Amino acid sequence: MTGLKDLILQEGLKKDFLVRIMRKLGYYHSGLTKGELIDTLVKKIEENDNANGDLVSLDMGLKNMSLARFSNEQGKKPTLIQWFKRDLESGVKVSFHPLKYSHISKEFITTFLIEQGCQTLVFERQRYRTGGSSNVLESTLKTNTIEAMLCMGVSMHNLYHPSKEIQIHSVSPGMMVDYWQSEFSTMLKQEQKKSKEFRVSLTLQMLRDSLSKNKLLPPEIQLASPIMHHRFELSDTVLDNLSTGLKDDNIKKEWDHIWKFKSLSRKLWELVYFINRFNISPYTVPLDKYWWGSVKGDDLADSLLHGLAYSEYIKAREDFRKNVKEHGQINSYR
C-alpha cells in the first residue's frame, strides 16, 4: 500500500498501537521491534487474501484431528456447516511408516478437502514440543509428519488442478489464542491450562448464542443467554433438522442432559457429537465414538476459533485498507 509507512511515521504511532493493529489483522507481531512491525504491516497488507467461499480450519493431530468448515459470504457472518473431530488411526493398524501415513493423508485430503470443495485451508503450525519430557514425544513427531504430508498433498493438488486451487495458510502458534484473549479476556497471558479452559468456555458461549435465537436451548439456558458472542451461524439444514429432532421427547431429554455436564470440555464434545446427527450429505461423518477420538472438546474449540479468527482477520484487513484509502489516516482505525 503506497505511502503507508510514511503515514505511520507522520502520525507518530506508538508500538503498542501497532501491536493492536497487527493482532486485529492477524499478522505475526511477537518479539518484533517497532521498525519490524512497520515493515511487516506494509508488506503484508499488500498481499491478496480472502476467506470467501468454503473455509476449512484444522486443529492438527493424529489421534484428535478436528475440522471446522465455514461457508463465508461477503457481508454476512460465517456459517458453520461441518464440525467434527477424528482419530486418523481409528480402524487402521498404523505403524510410524511413510506409506501408511501417506495413505491416511491422501484419504483425508480427498474426502474432506477436494471432494467437499474446500477453497481456503487454515491450520496452526506445529511445534516440536517436549511436553516436559527430555525428548520430543513420538506423538508430536507423528503429528508433524501428518502436517507436512497434508501440506504437500494440497500443494500437489494445486499444481495439477490450478482451477480448483486450495489456498493454504499456516498460522503461527499462539496467534489465535492472543487474538481471542485480547477480545474477551482481561488476561492476555494465561498459563496453558487456564488458556485452554478459556477457549472451551468461549466456544460454548458462541455455540449457545448461535442456538439461542432459534430457541433450541433448554429453558434455563435460553433464559441465561444474552447474545454476547454471536460470531457465526449454524447452517439452516442443521438448525431445521435439530428443531425437528427435538420434538421427540427422548431426544430432547438427551439434549437437555448434555447441557448439565460440569466438565466444559466433555460438554462441548457431547454437544458437537449430538449436533452431527442432524447434518446431511456431503457433510455427514460416522457417529462412531472411536472414530471421533478422545472425548474432549479443546480440539473442537481450537478448530472453530482458528477458522473464525481467520475470517475476522480478512474482514479487518478489508476495513483497514478502506479506512486508509478513504480517510488517509490510521489513528481513526479501531
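1. E183 counts as partly exposed, at 34% relative accessibility (partly exposed lies between buried, under 20% relative accessible area, and exposed, over 50%, with a 1.4 Å probe and protein chains only). The model is predicted, so local features need pLDDT of at least 70 and side-chain atom pairs pLDDT 80 or more, while totals for chains, interfaces and linings use all residues. Residues are numbered from 1 along each chain as its sequence is written, and side-chain values use heavy atoms, without hydrogens or water.

2. The partner of E183 is R231: the two form a salt bridge with their closest N and O atoms 3.2 Å apart (a side-chain nitrogen of Lys or Arg within 4 Å of a carboxyl oxygen of Asp or Glu). This pair links distant parts of the chain, 48 residues apart: E183 sits in helix α6 (residues 175-184), and R231 in the loop between α8 (219-223) and β6 (233-234). R231 counts as buried, at 17% relative accessibility. Helices (H or I, at least four residues) and strands (E, at least two) are DSSP runs, numbered from the N terminus.

3. A second pair is E107 and R86, whose closest N and O atoms are 2.9 Å apart in a salt bridge. It joins helix α4 (residues 98-114), which holds E107, to strand β3, which holds R86, across 21 residues. E107 is partly exposed at 27% relative accessible area, whereas R86 is buried at 9%.

4. Where do D302 and R199 lie? These two form a salt bridge, with closest N and O atoms 2.7 Å apart. D302 is in helix α12 and R199 in helix α7, so the pair ties together parts that are 103 residues apart in sequence. Both D302 and R199 are buried.

5. The salt-bridge count for the model comes to 24. A network of such bridges links K85, K196, K296, D298 and D299.

6. Helix α11 (residues 264-275) has 12 residues and spans 16 Å from its first C-alpha to its last, close to the 16 Å expected (1.5 Å times one less than the number of residues).

7. Is α11 mostly covered or mostly uncovered? It is mostly covered, with 10 of its 12 residues buried.
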